[in-house]
Amino acid sequence: MSFETHLTASQQHIESHLARLIADLGPEVPTRLASAMRHGVLGGGKRFRPFLTIATAKLFGQPAAAALDAGASVELVHCYSLIHDDLPAMDNDDIRRGAPTVHRAFDEATAILAGDTILTLAFEILARPEAHADPAVRSELVLTLARAAGGMGMAGGQTYDLSAEGRFAPDGALVPIDARRPQRLTQDEIERLQAMKTGALIRASVELGAIVGGASAAERAALVAYGRALGLAFQISDDLLDAEGEAALMGKKVAKDSAAGKATLVGLLGIPEARRRLDTAVDEALAALTPLDRPTDVLAEAARFMASRQT
């Protein structure tokens, strides 16, 4: 089975599960809020993060169903982050996955509340017995995802990203719009930012699968290293697509990073050198899989996919 076939099958599986989770919210949830959540979660995206969770759990003989809630949770955190990233105070985007962003389809307040509820739902799902029979495992799943989503991970990385746009002074004070100047970060600083903003959630996607699968400490460490390199490769490929991709294929605006003064390896190094760094990150991900005495072909193909993705 080709990698694309694996990804498509997982996409359909997780999409159906996400639809059921939102349908089960209950009548107490206001209709407008539930509608905004559906708009922000369903009907788009490759579901790459839950794919990684499920594929990693399968390394240890676990069926897809065993990792489905963990995969759904990480995808919900990702979806919440997109809703909030698109807001006028953040990236101010009108289109996401070929449709109006949540704040455009509804309003800003509803978009904020939809994101908040989606984030909360992610941890509710992980805390339920359906996620795993062992409470200790559920606790570990919650802890891992929380660390990836919070100040040490995605939210912290987003703060660094906004700072690189020149929004904040060195002392943390807000800079007026007309006085903002993008900062020129070093390669190490950009890679740290991206390891938090994007990489932390991708690394957690792999780690959640390892937890569900009962990986040993050594196996989990190898998979974390794989996830770390894969996260960097994903972000570089995303930045290259923003620089070179077509809006119709991407389902969102392109060429935004340069206009916004975003700190990216493409902006710092140029496209040819960024592609070389992407290839190196892919090689690092593949090397991290080497110690595992497991059928890692699907995870290896996921890493190689980063070098050739078109959307």
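In the predicted model, lysine 262 is buried, with a relative accessible area of 14%. This residue forms a salt bridge with aspartate 161, in which the closest N and O atoms are 2.8 Å apart. Lysine 262 is located in the loop between helix H12 (256–260) and helix H13 (265–269), whereas aspartate 161 belongs to helix H8 (residues 154–164), so the contact ties together parts that are 101 residues apart in sequence. Aspartate 161 is likewise buried, its relative accessible area being 1%.

Lysine 262 also forms a salt bridge with glutamate 165, with a separation of 2.7 Å between the closest N and O atoms. Distant parts of the chain are again linked by this pair: glutamate 165 lies in the loop between H8 and helix H9 (187–213), and the two residues are 97 residues apart. Glutamate 165 has a relative accessible area of 9% and is therefore buried, the cut-off being under 20%.

A further salt bridge joins the side chains of arginine 309 and aspartate 238, at an N to O distance of 3.3 Å. Arginine 309 is in the segment after helix H15 (297–305) and aspartate 238 in helix H10 (residues 217–244), a pairing of distant parts of the chain that are 71 residues apart. With a relative accessibility of 9%, arginine 309 counts as buried.

Through shared partners, salt bridges join Asp91, Asp161, Glu165, Arg167, Lys197 and Lys262 into one network. In total, the model contains 22 salt bridges.

Definitions and conventions:
Residues are numbered from 1 along each chain as its sequence is written. This is a predicted model: local features need pLDDT of at least 70, side-chain atom pairs count only at pLDDT 80 or more; totals for chains, interfaces and linings use all residues. Side-chain values use heavy atoms; hydrogens and water are left out. A salt bridge is a side-chain nitrogen of Lys or Arg within 4 Å of a carboxyl oxygen of Asp or Glu. Helices (H or I, at least four residues) and strands (E, at least two) are DSSP runs, numbered from the N terminus. Buried means under 20% relative accessible area, exposed over 50%, partly exposed in between (1.4 Å probe, protein chains only).
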